[in-house]
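Below are my notes on the structure you sent. They are arranged as numbered points, going from the chain level down to single residues.

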Protein chains: 2
Amino acid sequence: MSLSFSIEASDGKARAGQVKTAHGIFRTPAFMPVGTGGTVKAMTPDSLAATGSDIILANTYHLMLRPGAEIVRSLGGLGKMMGWPGPILTDSGGFQIMSLAKLRKLTDGGVTFKSHIDGTEHFLSPEKSIGIQETLNATISMVLDECTAYPCSKEEAEKSMKLSMGWSAQSKDAFNPRPGFGLFGIVQGGIHFDLRRESATFLEEQKFDGYAIGGLAVGEGSEILHEVAGFTAGLLPCDKPRYLMGVGRPEDLVQAVSVGCDMFDCVLPTRSGRTGQAFTHRGTVNIRNSRHRSDARPLDELCDCPTCLSYTRGYLHHLVRSGEILGSMLMTWHNIHYYQGLMASIRRHILGGEFSRFEASFRELYLEGDIEPLT
Amino acid sequence: MSLSFSIEASDGKARAGQVKTAHGIFRTPAFMPVGTGGTVKAMTPDSLAATGSDIILANTYHLMLRPGAEIVRSLGGLGKMMGWPGPILTDSGGFQIMSLAKLRKLTDGGVTFKSHIDGTEHFLSPEKSIGIQETLNATISMVLDECTAYPCSKEEAEKSMKLSMGWSAQSKDAFNPRPGFGLFGIVQGGIHFDLRRESATFLEEQKFDGYAIGGLAVGEGSEILHEVAGFTAGLLPCDKPRYLMGVGRPEDLVQAVSVGCDMFDCVLPTRSGRTGQAFTHRGTVNIRNSRHRSDARPLDELCDCPTCLSYTRGYLHHLVRSGEILGSMLMTWHNIHYYQGLMASIRRHILGGEFSRFEASFRELYLEGDIEPLT
């Protein structure tokens, strides 16, 4: 029934395991590359799988507007349409309505909004969001929630959290349980521990297949992020996956794993790839910088992705500066490969009971910074 | 020495053969995808090779401006830099100076111009162009020529042709012969048979490794194109490859092969791929058209490229309309695969002595047009 989550090893609060779904297994801790509109930008599904990605995320908001959920269904559902045979998690659409859509009108029943693409009016309710995610054939659906703004007053955070909890219950009622498919609840409550506790308790009573920590990585800074994520993770059931939404940088992932988070998504490796920022074992590299112009070394000497095996920094610099599509392709491939390599290391070291040692050595190298320029 | 061209079969004026170079063999008739700035846009070298591409073209004008020939050399030369182990033909830069650069000043010695990228002033002469192409490590270099405008008076065409012939001789003198590398001359003369003959005779006396037909596909229309190309091809030595520059549409390639042309380049499959036009066995398809929105059929039912094997018209429509990079990747891949499949068919039918039959059946299907929309 639904999803089956098994923990293979724990090391401190960090856990390594796997989730069995109708569309195959994904290993945890898992990083989900973001495939907003039914494509992880600049990647083919084959290259995505080659990076070690087991599961991807897609955005309900984008897909409901374009091409539309019914069209996705007529093309075989999201996975078949985009040629991705593995599991897919879809968000509820709530976050993008707040961040992208225009003229939002919030009611208890849901949200009326105008598309940022063509201005057409749409309506999303918990029931509608769950229905769309089922139409898309999402492996894991998310409840509709309101991502509480930061900063906001405690009163606002409480009101927003309560709205989300009502929507969670409605989403749960609307969800059609199928073997190998699941529904996750989302803890809200801003930066307030008591509100987070109230939210987590409410959700746990509803019995979801996994629990997400929402409303973070919205500008609160990494200290508060880690504090609230750590506190909230500790409130959630041990036997279900915990998903820290929208996080983040490599160092955030390592930290969040150490407090018991199992799943992550972030546009950072893909979006940065398209603008020339690489993630490497020695921190970030801005390939647009002219220091790389005639540098015949690879982006990351410790990386075995196709970009690092075949191309120089100088060539990548040229491609990115020239706005070449291949620049986006190669940089994105490297970044996702780097992220998935990091997740694989994390899992290996948890299984080996050496996660703390790994965390320290990761930080040391990552914070050391890029290799010296050629002279 | 230089290049070795062997003709394996002839059928009428059509020839099938191969050219041995320092960077491997390419089969003729050959279509060269265009890799303007050191990348065939939206393709990796691996996927390019998988389409059956043996040789690609790169633009000296673009590379001399960005990243600069010396940088290309410091990154191992063009082929090594871009991860393409096969032969590369570079043009001379003359065509782009005329079509892209600003504030050109023509002298007998060469051309002074301003970069269309950053306005910096540059100078190109026959000697300089040949030197840059050697610095890039081009397998086949082209002489510097002036691509005569169309329409123009016969006097202008003659003057332009004579300028190009002078430059050809200077280019030949400047070329450093190396085993497996070659230099091609370019016939000019506009639409005037006597000028074309004069130009071809002049070049033949210079003894080039191959002969190009330049100054066509510049707006003269397909009737004149084929007439002049056919006439000019007949003037050129049989034992050297004949390269019809900048051509063209699939039907143009088939026609040009029938009059004895062996090599082609054109931005059409790549540029069209990025704007949503596909080439198929049944003519062109504009995937942006809303008739494809929920069409679960492949772009081309007769095609076995990764795009057609894995994706629907509806998904491609969605990707292209959404401006997704993957749309450019998949459409470009299909288009180049289609072009190379066409060249493979052409070669096979020449070798089998059935080129005329192929030409007729190609035309019949190609002109039949796209499959009916779904109702």
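The points below concern a predicted model.

1. Interface between the chains. The contact involves 31 residues of chain B and 31 residues of chain A. On the chain B side, the elements that contribute two or more residues are α3 (69-74), α4 (78-82), α13 (313-321) and α14 (325-351) of chain B. By residue class, that side of chain B consists of 13 nonpolar, 14 polar and 4 charged residues.

2. Domains of chain A. Chain A is split into domain 1 (4-266) and domain 2 (273-368). Between the C-alpha centres of domain 1 of chain A and domain 2 of chain A there are 27 Å. Domain 1 of chain A puts 26 residues into the contact and domain 2 of chain A puts in 25 residues.

3. The domain 1 face. On the side of domain 1 of chain A that touches domain 2 of chain A, two or more residues come from each of β1 (4-11), β2 (14-21), β4 (30-32), α1 (45-50) and α10 (250-258) of chain A. The most is given by α10(A), with 6 residues. This side of domain 1 of chain A is made up of 14 nonpolar, 6 polar and 6 charged residues.

4. A sheet of 3 strands in chain A. The strand order in this open sheet is β7-β8-β9 (chain A), with antiparallel pairing. β7 (102-107) and β9 (121-124) of chain A are the edge strands; each has a single partner strand, so one side of each has no neighbour in the sheet. From one strand to the next the twist averages 15°. Between β7(A) and β8 (residues 110-114) of chain A, which run antiparallel, there are 4 bridges. Within this pairing, Thr107(A) has Gly110(A) in β8(A) as its bridge partner.

5. Strand β12 of chain A. Which residues of β12 (residues 210-213) of chain A point one way, and which the other way? Gly210(A) and Ala212(A) point one way, Tyr211(A) and Ile213(A) point the other way, and all are buried.

6. From β11 to β12 in chain A. β11 (residues 182-187) of chain A pairs with β12(A) in the parallel sense, over 4 bridges. Tyr211(A) in β12(A) has Gly185(A) opposite.

7. From β12 to β13 in chain A. β12(A) and β13 (residues 242-244) of chain A run parallel and are joined by 3 bridges. Ile213(A) has Leu244(A) in β13(A) as its bridge partner.

8. Leu235 of chain A. Leu235(A) is located in helix α9 of chain A. Is this residue buried or partly exposed? Leu235(A) counts as partly exposed because it has 19 C-beta neighbours inside 10 Å, and the buried class requires 20 or more. Apart from neighbours within four places in sequence, Leu235(A) is in contact with Arg196(A), Arg197(A) and Ala200(A). Leu235(A) and Arg197(A) are 38 residues apart along the chain, with their C-alpha atoms separated by 6.8 Å.

9. Thr148 of chain A. Thr148(A) sits in the loop between β10 (140-142) and α7 (154-174) of chain A. Why does Thr148(A) count as buried? The reason is the count of C-beta neighbours, which for Thr148(A) is 26 inside 10 Å. Outside the four places either side in sequence, the contacts of Thr148(A) are Ala157(A), Ser160(A), Met161(A), Gln188(A), Gly190(A) and Gly215(A). Lys159(A) is 11 residues from Thr148(A) in sequence, and the C-alpha to C-alpha distance between Thr148(A) and Lys159(A) is 9.4 Å.

10. Helix α11 of chain B. Leu268(B), Pro269(B), Thr270(B) and Gly273(B) are buried in α11 (residues 268-275) of chain B. The packing partners of the buried residues of α11(B) are β15 (277-280) and α14 of chain B. α14 of chain B is also among the elements on the side of chain B that touches chain A. After α11(B) comes Gly276(B), with a positive phi near 100°.

Definitions and conventions
Residues numbered from 1 in each chain as written. Chains lettered and ligands numbered in written order. Predicted model: local features only at pLDDT ≥ 70, side-chain atom pairs only at ≥ 80, totals over all residues. Contact = placed C-beta atoms within 7 Å. Nonpolar A, V, L, I, M, F, W, Y, C, P; charged D, E, K, R; others polar. Domains from an automatic or database assignment. Pairing = 2+ DSSP bridges. Axes fitted to C-alpha atoms, helices over the stretch in contact; angles between N-to-C directions. Buried ≥ 20, exposed ≤ 12 C-beta atoms within 10 Å, placed from the backbone.
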